[in-house]
Each structure stands twice: as structure tokens, then as C-alpha cells.
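Here are a few exercises to work through with the structure open beside you. Try each task before you read its solution.

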Amino acid sequence: MRLTIQIKEIDAQTTFAVRHPVLRNGRPLADCVFEDDDLLSSIHLGAYHQGNLIGVLSAYRKKHKKFPTANGYQIRGVAVLPSYQNKGIGKKLMAEIESLLCTKKEVLLWLNARESAMAFYKKINYVPLGKPFSIPLIGTHYCFYKLYEKAH
């Protein structure tokens with residue numbers, strides 16, 4: 001069965017309905033609040049199926065120290081409800097944020113991915129950067145990036 005997915009911008013608090021059970025399960029709801037969630041430059045996307053929120057993604061204007069001249073955006077909180085995982089929803093969310101942000105001259109999208117998500121990011125052409133690191137209470141992560149060069 002093919003899912004009809006609508007992606008639209010949402011506010012940070014709306015993301016908690018998916019962030020919490022997928023990324024912070026068993027932890028306080030307050031753990032779903034990310035630094036910079038409420039900045040005007042932050043973007044939050046929701047994936048909807050039949051009017052129900054089933055996936056989320058957030059992007060924050062933030063440079064990466066390895067690419068100091070690029071317009072940097074950190075992708076965080078990419079999550080899809082378990083019953084909808086492996087159906088292309090995360091890929092659609094990532095494609096949407098790339099199309100929204102990568103119209104500038106040079107854009108760097110970067111993220112810290114859980115070990116379990118490494119194959120997903122490699123499949124959509126994100127490049128690993130540096131060594132694995134641990135985030136307390138969450139686990140091992142890897143930095144990934146995609147650099148959109150300026151058009152000449």
C-alpha cells in the first residue's frame with residue numbers, strides 16, 4: 001500500500017508528539033525541547049498521513065567548525081513513528097528540508113546521527129565526518145554532512 005504523505009511546516013511543540021515516543025521514549029517530555037527550537041530561523045517539518053502526524057524533522061541555522069564559511073544548518077529530531085518507519089517518510093522529510101534550504105549560494109547540512117540511523121544517511125548521500133561520540137542517556141552518534149556548493 002502506497003502512503004499519501006503531506007509535508008508542511010509546523011511549530012516546535014507539535015514535533016513532540018513524534019519526538020517523544022521515538023527519540024525520548026521513557027524520558028520526561030521536557031527532554032524533547034531542543035536548544036533553538038523557538039528561534040525564528042528554525043524550521044520544523046511534519047509529515048502527515050490522513051491528517052495524522054507521523055514524522056518530524058527540525059533544522060537550525062548553525063555553522064559547523066569544519067566548514068566555517070558555509071551557511072550551516074543542523075538537522076535534528078528526525079523521527080518517524082515506528083509503524084511508519086522504512087516506508088520512505090524520513091527520506092521525504094530530508095528531501096523537503098534540502099529543497100527549502102539549499103537554494104542559497106553554499107549550504108552545509110549536518111547532523112549527529114544515532115548509530116542505528118547511519119545506513120539511512122549514507123543511502124541519501126550524507127558523508128560521515130570524524131569519529132563516533134557518545135551522548136549521555138542516548139548513545140553513540142556519528143556526524144554526517146552534505147555540502148551544496150555554489151553554482152558558477
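Let's start with a rule: a salt bridge is a side-chain nitrogen of Lys or Arg within 4 Å of a carboxyl oxygen of Asp or Glu. This is a predicted model, so local features need pLDDT of at least 70 and side-chain atom pairs count only at pLDDT 80 or more, while totals for chains, interfaces and linings use all residues. Residues are numbered from 1 along each chain as its sequence is written, and side-chain values use heavy atoms, with hydrogens and water left out.

**Exercise 1. Salt bridges**

Task: Find how many salt bridges the whole structure has, and work out which parts of the chain they link.

Solution, step by step:
- A search of the whole structure turns up three salt bridges.
- Take Glu98 and Lys146: their closest N and O atoms are 3.2 Å apart, which makes a salt bridge. This pair links distant parts of the chain, with Glu98 in helix 2 (residues 89–101) and Lys146 in strand 7 (residues 139–148), 48 residues apart. Helices (H or I, at least four residues) and strands (E, at least two) are DSSP runs, numbered from the N terminus.
- Now for Arg19 and Asp37, whose side chains meet in a salt bridge at 2.9 Å, N to O. Arg19 belongs to helix 1 (residues 12–23), and Asp37 to the loop between helix 1 and strand 2 (43–49), 18 residues away.

**Exercise 2. Rings**

Task: Trace the ring pairs around Tyr121, and then look for a charge over the ring of Phe34.

Solution, step by step:
- Rings of Phe, Tyr and Trp (its six-membered ring) pair if their centres lie within 6.5 Å; planes under 30 degrees apart count as stacked, over 60 as edge-to-face and the rest as tilted. The structure holds four such aromatic pairs.
- Phe120 and Tyr121 sit 4.8 Å apart, centre to centre, with 75° between the planes, an edge-to-face pair.
- Tyr121 and Tyr126 have ring centres 6.1 Å apart and planes at 75°, so this pair is edge-to-face.
- Step back, and ring pairs link Phe120, Tyr121, Tyr126 and Phe144 into a cluster.
- A charge sits over a ring if NZ of Lys or CZ of Arg is within 6 Å of the ring centre and within 35 degrees of the ring normal. Arg19 lies over the face of Phe34, 3.9 Å from the ring centre.

**Exercise 3. Strand 2**

Task: Is strand 2 enclosed or open?

Solution, step by step:
- Seven of the seven residues of strand 2 are buried, so the strand is largely enclosed by the rest of the structure.
- In a regular strand the side chains alternate between the two faces of the sheet. Here Ile43, Leu45, Ala47 and His49 are buried on one side, and His44, Gly46 and Tyr48 on the other.
- For neighbours, two strands pair if DSSP finds at least two bridges between them. Strand 2 runs antiparallel to strand 3 (residues 52–61), joined by seven bridges.

Technical notes: Buried means under 20% relative accessible area, exposed over 50%, partly exposed in between (1.4 Å probe, protein chains only).
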